[in-house]
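Take a look at the model below.

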Amino acid sequence: MLWERQDKRIGDDSISILWLDRGMKPVKQELDSIYFLKILLYFIIGSVWFAFNEARLLPFGLILGLLAVRHEKLQIDRKIEYAILVIASLLGLFGIGITVTWRF
């Protein structure tokens, strides 16, 4: 059984501590606004492409996003994060996103 203790808080107000009935181990829970912000940031980062002479060649945002997912401390489901990054990179490939172009 999980319950929230109101007298214990971490320094950040966006995270509350839940305590397990046995062993009293802390479990971190994110607010919905933090969850939505992380999904939005992954979507924006995932849509970044590098283009050389008008040809999109390198999905830089996808690579950067995959590295960020692996080293994140407060994780939502990794499968959801990976799916958002892949969808955003596909949309970036078709022109909906951020493209950084180098012309030689």
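Val100 counts as partly exposed because its relative accessibility is 32%; buried means under 20% relative accessible area, exposed over 50%, and partly exposed lies in between (1.4 Å probe, protein chains only). This is a predicted model, in which local features need pLDDT of at least 70 and side-chain atom pairs pLDDT 80 or more, while totals for chains, interfaces and linings use all residues. Residues are numbered from 1 along each chain as its sequence is written, and side-chain values use heavy atoms, leaving out hydrogens and water.

Val100 sits in strand β6. Strands (E, at least two residues) and helices (H or I, at least four) are DSSP runs, numbered from the N terminus.

Val100 also belongs to a nonpolar surface patch of about 910 Å². Patch residues have over 30% relative accessible area and no salt bridge, with nonpolar side chains joined within 5 Å and like charges within 9 Å. A salt bridge puts a Lys or Arg side-chain nitrogen within 4 Å of an Asp or Glu carboxyl oxygen. Areas come from the Shrake-Rupley method with a 1.4 Å probe; for residues, only the protein chains shown count as cover. Helix α1 gives the most to the patch, with five residues.

Now the sheet. Three strands form an open, mixed sheet in the order β5-β4-β6. Pairing takes at least two DSSP bridges between two strands. The edge strands are β5 (55-58) and β6 (98-102). Strand β4 (residues 48-52) runs antiparallel to β5, joined by three bridges. In β5, Leu58 is the bridge partner of Phe50.
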